[in-house]
Amino acid sequence: MLCDILSRLVETVTEQGEDMQGYVTELMLTLEEAIDSLDSAFKISDIMKDFFKSTPNLNKESNRKSAPPITVTQSGHSSGSSNPLPMSVNHQRSTSYSGRKYPDSPTIEIKDLRNRSNTDIDVRLRSNNLGRSRSAQSLKMADEQFSQEDRMTLLSQFFWIAISLLESDYEHEFLLAVRLLEKVMTKLPLERTDCQEKLEKIQMQIKWSNFPGVHALLLKGCASPTTFDSTVKILTLFTPLLDIPIVDPSESLAFPFHVMALLPYLLLNYDDPNTLCIKSAENIAQVCMENLRN
């Protein structure tokens, strides 16, 4: 699904016209909903649980009253001629075995066949139950594997989709990219080393030459009144992450530019600071204290 959406997004992004921009908006909103679905309670085993019951419902069948025997003659016709043979409904077709007719005491032979059938059924049921338990176990392992590995991979792909759209010159698309990136950042542990390695691996695969860094791309939003507030909000999330190479390839220039970008917003709300201002100032102070310790 992600590949299909991405291919359509590549074909329509930066296209002029309300219809095309509306299509891009729908695609981006679909990606946002896909990120939310990663944290849902959905599991493969929940969908398939009805197919993997441990014991078939056979006891109820065995407790039912058996059907009355049908009187069948040796010639195969029912009703009241001589030499009736008692046979259950489920064995109407068992008039021969291995090409031989039943002997004079057919009841013993039929019981023997029934015992053999029951034994075969037991073997098949044990085999089926074992297969079901193994299938259920494999589904459980698939759920665990998805929650650990595939979830991280998908979030990393969403991350790079949002970063790529930050290069758009359309304010509307830039805002959609910031929204998507903000949602990814709430779920992607970017401070972890394994997460950074996965992001760097994808960066090598997409072959983005002269990549300026996430922070440099975000600073574009500070130049427009339409995108300024959203950019300040997402920049606040990146304050503790400026030393990551993907965020700042120079690993030294991002922090001073970061403070200069946030300073006008902090001064504007100096007399009545909102929650975002307080959070931004606290993050900047924390980074300064850590740099002093180092």
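A pocket here is an open set of grid points, on a 1 Å grid over the protein atoms alone, with protein on both sides within 12 Å along at least five of seven lines. Keep that in mind for the first stop, and remember throughout that you are looking at a predicted model.

**Stop 1: the largest pocket**

Start by selecting Leu6, Gln157, Trp160, Ile161 and Ile206; of the 17 lining residues, these are the closest to the centre of the largest pocket. The space in this pocket comes to about 470 Å³. Now colour helix H1 (2–12), helix H5 (106–165) and helix H7 (193–206), the elements that each give two or more residues to the lining. Which helix supplies the largest share of the lining? It is H5, with 6 residues.

**Stop 2: H1 against H2**

The crossing is left-handed. To see where they meet, show side chains for Leu2, Ile5, Arg8, Leu9 and Thr12 in H1, then for Met20, Tyr23, Val24, Leu27, Met28, Thr30 and Leu31 in H2. By class, this contact has 9 nonpolar, 2 polar and 1 charged residues.

**Stop 3: H6 beside H9**

Next, select helix H6 (residues 171–185) together with helix H9 (residues 228–238), whose axes lie 10 Å apart at an angle of about 30 degrees. That angle makes H6 roughly parallel to H9. Here too you will find a left-handed crossing, as H6 passes H9. On the H6 side, pick Phe174, Leu175, Val178, Leu181, Glu182 and Met185; on the H9 side, pick Ser230, Thr231, Lys233, Ile234, Leu237 and Phe238. The class count for this contact is 8 nonpolar, 2 polar and 2 charged residues.

**Stop 4: H10 and H11**

Finish with helix H10 (residues 254–268) and helix H11 (residues 275–293), which pack at about 155 degrees with their axes 11 Å apart. H10 and H11 are therefore roughly antiparallel, and their crossing is left-handed. Show Phe255, Val259, Leu262, Tyr265 and Leu266 from H10, facing Leu276, Cys277, Ser280, Ile284, Val287 and Cys288 from H11. How many charged residues does the contact of H10 with H11 have? None: the contact has 10 nonpolar residues and 1 polar residue.

Notes
Residues numbered from 1 in each chain as written. Predicted model: local features only at pLDDT ≥ 70, side-chain atom pairs only at ≥ 80, totals over all residues. Heavy atoms only, no water. Axes fitted to C-alpha atoms, helices over the stretch in contact; angles between N-to-C directions. Helix = DSSP H or I, 4+ residues; strand = E, 2+ residues; numbered from the N terminus. Parallel < 35°, antiparallel > 145°, perpendicular 65-115°, else oblique. Left-handed = near helix turned anticlockwise from the far one by under 90°. Contact = heavy atoms within 4.5 Å. Nonpolar A, V, L, I, M, F, W, Y, C, P; charged D, E, K, R; others polar. 1 Å grid on protein atoms, 1.4 Å probe; cavity = no way out; pocket = protein on both sides within 12 Å on 5 of 7 lines; lining within 4 Å. Points joined across faces, edges and corners; volume = space filled by probe spheres on them.
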